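Hello,

My notes follow below it.

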Amino acid sequence: MIKTILFDLDDTLLDFHRSETVAIGNTLRHFGIEPTAAVIARYSAINLAHWERLERGEITRSQVQAGRFAVLFEELGVDRSPEEVHLFYQHQLSLQHFFLPGAKELLDQLKNFYTLVIISNGTATVQDRRIRDAGLLPYFSHIFISQRLGYDKPSAAFFDACFAAMPGVNREECLIVGDSLTSDMLGGRNAGIRTCWYNPRGKLRRADIPVDCELRRLEELPELLERWNKE
């Protein structure tokens with residue numbers, strides 16, 4: 001029986017792509033760079049690649065933060081301090097929070113029946129403000145952010161730290177819901193908990209990262225939970 005749901009934050013509950021687009025646009029303009037659609041798309045791709053390297057333990061968080069801008073500026077032929085740009089961008093990102101379709105309604109539906117938890121690989125100061133400003137705090141019993149824990153998803157150490165802070169919560173009664181195969185679903189497998197892949201764009205599954213279920217719409221989750229809890 002599922003009693004506790006671990007939710008990823010970005011692109012599971014909040015629309016990170018939209019937040020990122022606004023924040024990077026504001027940042028590039030501030031530093032005199034035209035934020036064309038092509039430049040923003042390239043930044044997004046570089047950023048994703050850096051976070052995936054962090055998940056694999058290949059680079060550090062600080063290397064993600066400055067490195068993504070260093071790569072972008074080298075490609076654009078721009079002479080700017082990646083560290084300075086990162087700090088401005090981080091503040092801009094902390095100001096952005098947009099719910100994905102159905103996310104707020106889903107939380108309202110689940111809050112009185114399940115223990116809800118946030119698990120995020122984001123930067124603590126950024127996620128703290130976004131979570132607060134989006135009005136998410138009342139929904140969640142615990143909020144775990146990798147920078148604060150000292151471990152990143154998908155490592156088992158991240159989840160071990162989470163469960164150590166939640167005495168009485170059994171892994172057998174937990175479900176992780178997230179959009180990332182390499183972070184959330186692999187993390188759930190590493191932690192020994194059931195996994196639910198939120199996949200609104202219909203991406204292909206990976207044979208090396210099996211999932212227990214897949215959602216195209218967040219509204220499908222309550223019915224899934226009801227079915228599982230009758231088993």
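Asp11 is partly exposed, with a relative accessible area of 23% (buried is under 20%, exposed over 50%, partly exposed in between; 1.4 Å probe, protein chains only). Asp11 is not a glycine, yet its phi is positive, about 65°. It sits in the loop between β1 (4-7) and α1 (16-30). Helices (H or I, at least four residues) and strands (E, at least two) are DSSP runs, numbered from the N terminus.

Some ground rules. This is a predicted model: local features need pLDDT of at least 70, side-chain atom pairs count only at pLDDT 80 or more, and totals for chains, interfaces and linings use all residues. Residues are numbered from 1 along each chain as its sequence is written, and side-chain values use heavy atoms, with hydrogens and water left out.

The largest pocket holds about 1100 Å³ of space. Its lining has 42 residues, and Asp10, Asp11, Phe16, Leu48 and Asp179 are the closest to its centre. α2 (37-55) gives the most to this lining, six residues. By class, the lining has twelve nonpolar, 15 polar and 15 charged residues. Nonpolar covers Ala, Val, Leu, Ile, Met, Phe, Trp, Tyr, Cys and Pro; charged covers Asp, Glu, Lys and Arg; the others, Gly among them, are polar. A pocket is an open set of points on a 1 Å grid over the protein atoms alone, where a 1.4 Å probe fits, with protein on both sides within 12 Å along at least five of seven lines; lining residues have an atom within 4 Å of a point. Points are joined across faces, edges and corners, and the volume is the space filled by probe spheres set on them.

**Core.** The largest nonpolar core has 30 residues (buried Ala, Val, Leu, Ile, Met, Phe, Trp, Tyr and Cys joined through side-chain atoms within 4.5 Å). Ile5, Phe7, Leu110, Leu136, Phe140 and Leu221 have the most contacts inside it. Apart from it lies another core of 18 residues, including Ile119 and Cys174.

**Strands.** All five residues of β4 (174-178) are buried. Cys174, Ile176 and Gly178 point one way, Leu175 and Val177 the other. β4 runs parallel to β1, joined by four bridges, and Ile5 partners Leu175. Strands pair if DSSP finds at least two bridges between them.

Best wishes
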